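Visitor: I am new to this structure. Please take one part of it and show it to me closely, then tell me how it sits in the rest.

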Amino acid sequence: MGAIRQCSRSACRQSAVATLTYVYADSTAVLGPLATYAEPHCYDLCEQHADSLTVPRGWEVLRLAMPSSPQQPGPDDLLALANAVRDAAALPPEAQPPAQRGHHSALEAPAGTEGARRGHLRILREPS
């Protein structure tokens, strides 16, 4: 998990809980749950600044429902990650991008290392 993001307002040291995005074409400010990633054209706001948000005259504020607790990875997220790892491991060397062929990851077992293999995982024995 990444570092906790702070409120974008000057001199505010509170943790961000919401993300503010301006849609200039529609004269709309959209305030919703904290975005997964910090975006350069969005503003992260703490609870106090999110609640007291004001916009220019003629603009509309669209407030999206805020979750009552921070969202944790669910079983669907974990299964999708496991499937992606499994699919990547199942690719034959010819199907890999040229930059990865012949290049060994730091997680791969060194050549000549004995170990049990199960699916795409390998169990390495400690050297004696």
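Guide: Start with one pair of side chains. R5 and D44 meet in a salt bridge, at 2.7 Å from N to O. Side chains of opposite charge can pair when their charged atoms come close. A search of the whole structure finds 1 salt bridge. The model is a predicted one.

Now look at where the two partners come from. R5 lies in the segment before β1, and β1 covers 18-23. D44 belongs to strand β3, residues 42-45. The partners are 39 residues apart, and the pair links distant parts of the chain.

R5 has 19% relative accessibility, so R5 counts as buried. D44 has a relative accessible area of 9%, so D44 is buried as well. Across the chain, buried residues make up 16% of the 128 residues.

Strand β3 is part of an open sheet of 4 strands. The order is β3-β1-β2-β4, and the pairing is mixed. The edge strands are β3 and β4 (60-63), and each pairs on one side only. From one strand to the next, the twist averages 25°. Strands of a sheet pair through backbone hydrogen bonds, either parallel or antiparallel.

Then step from β1 to β2, residues 28-33. This pair is antiparallel too, with 6 bridges. V23 finds its bridge partner in T28 of β2. The two strands form a hairpin with 4 residues between them. In that hairpin, S27 takes a positive phi near 50°.

A29 stands opposite V61 in β4.

Finally, stand back and see the whole chain. The chain has 2 helices and 6 strands. Along the sequence, the pattern reads β-β-β-α-β-α-β-β. Consider contacts between residues at least 6 apart in sequence: 50% of them join residues at least 24 apart. The chain exposes about 10800 Å², and carbon and sulfur atoms supply 55% of that area.

How values were computed. Residues are numbered from 1 along each chain as its sequence is written. This is a predicted model: local features need pLDDT of at least 70, side-chain atom pairs count only at pLDDT 80 or more; totals for chains, interfaces and linings use all residues. Side-chain values use heavy atoms; hydrogens and water are left out. Buried means under 20% relative accessible area, exposed over 50%, partly exposed in between (1.4 Å probe, protein chains only). Contact means heavy atoms within 4.5 Å. Accessible areas come from the Shrake-Rupley method with a 1.4 Å probe; for residues, only the protein chains shown count as cover. A salt bridge is a side-chain nitrogen of Lys or Arg within 4 Å of a carboxyl oxygen of Asp or Glu. Two strands pair if DSSP finds at least two bridges between them. Axes are lines fitted to C-alpha atoms, for helices over the stretch in contact, and angles run from 0 to 180 degrees between N-to-C directions.
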